[in-house]
Amino acid sequence: MHRVDGSSAKWMLCNGLVMLLPHGYDGAASEHSSCRLERFLQLTDSRETSPDSDRVNFQIINPSTPAQYFHALRRQMIRNFRKPLLVVAPKTLLRLSECVSPYADFEPGSFFKTVLSDPEVGVRIDAKRVTRVVFCSGKHFYTLQEERKNLQIDNIALVRIESLCPFPVKEIRDVLTKFSNAKEFIWSQEEHRNMGAWSFFKPRFENMCERKIKYRGRQEAATVAVGVSKWHVQEIEAIVKSTLL
């Protein structure tokens, strides 16, 4: 039982369940490759044509930094309401040297951010020169970031969607205002087309952000992931090149 603040005292059944489910294509076949993210997204009552609120029945996030993970769990505890939380948790990020957070991200006033804009914009990349904005989520960002650096590309911005549900319409719109000259928008994922967040992200982005978006990732399949390292590397290279080139 949990009390909901308001003009009159109301009591309701709430569920503060937190699930950490391994998810990430690492060339190790089906085990821990997919938590079936697409199925959990289908269980939500998020709408495709209007912004979500905290009233959604399920929270689904894919945090890509230690600070984001910390703030998500902290937020779950200090809120004045309870909703189930699914944390898509790639094991690769536990040992990835690039996946770090500065102390400032934990200081008072810091919080969980539903969208993370490109950290290279304003440093190495000029926002006015960006012609393509790539949206992604979770560990896939680091793969794209590394290849973008290797190819010395400076006209593509990488935007991380940390919260899938509730869908962060306002935050995405705010990020898009930085890239006024962008003409192409892409959703890139390591999952197959009929899996992952693509079918969830596309209608919401196009309906509420009023821009067309293209898909880059594995094509439809019945299996989750290959178990042959050589094939896995070839697939990742194909996804990255189709996204950035």
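Which residues make a nonpolar surface patch of about 230 Å²? Val18, Leu20 and Tyr69 do. Some ground rules first. This is a predicted model, where local features need pLDDT of at least 70, side-chain atom pairs count only at pLDDT 80 or more, and totals for chains, interfaces and linings use all residues. Residues are numbered from 1 along each chain as its sequence is written, and side-chain values use heavy atoms, with hydrogens and water left out.

Back to the patch. Patch residues have over 30% relative accessible area and no salt bridge; nonpolar side chains (Val, Leu, Ile, Met, Phe, Trp, Tyr) are joined within 5 Å, like charges within 9 Å. Areas are Shrake-Rupley with a 1.4 Å probe, and for residues only the protein chains shown count as cover. Valine 18 sits in strand β3, residues 18-22. Strands are DSSP runs of E, at least two residues; helices are H or I, at least four; both are numbered from the N terminus. Valine 18 is partly exposed because its relative accessibility is 34%. The classes: buried is under 20%, exposed over 50%, partly exposed in between.

Now the sheet. It is open, with five strands in the order β6-β8-β7-β10-β11 and mixed pairing. Pairing takes at least two DSSP bridges between two strands. β6 (115-116) and β11 (214-218) are the edges; each has a single partner strand, so one side of each lacks a neighbour in the sheet. β10, residues 184-192, runs parallel to β11, joined by four bridges. In one of them, isoleucine 186 partners lysine 214 of β11. Helix α6, residues 229-244, packs on this sheet. The helix touches β7, β8, β10 and β11, and its direction makes about 165° with that of β11. Contact means heavy atoms within 4.5 Å. Axes are lines fitted to C-alpha atoms, for helices over the stretch in contact, with angles from 0 to 180 degrees between N-to-C directions.

Last, charges. The structure holds 14 salt bridges. The criterion is a Lys or Arg side-chain nitrogen within 4 Å of an Asp or Glu carboxyl oxygen. Take glutamate 184 and arginine 132: their closest N and O atoms are 2.9 Å apart. That pair links β10 to β7, 52 residues apart.

Next, aspartate 154 and arginine 129, at 3.2 Å. Aspartate 154 is partly exposed, at 26%. Finally, aspartate 54 and arginine 79, at 4.0 Å. Here, aspartate 54 is partly exposed at 42%, while arginine 79 is buried at 19%.

Notes. Buried means under 20% relative accessible area, exposed over 50%, partly exposed in between (1.4 Å probe, protein chains only).
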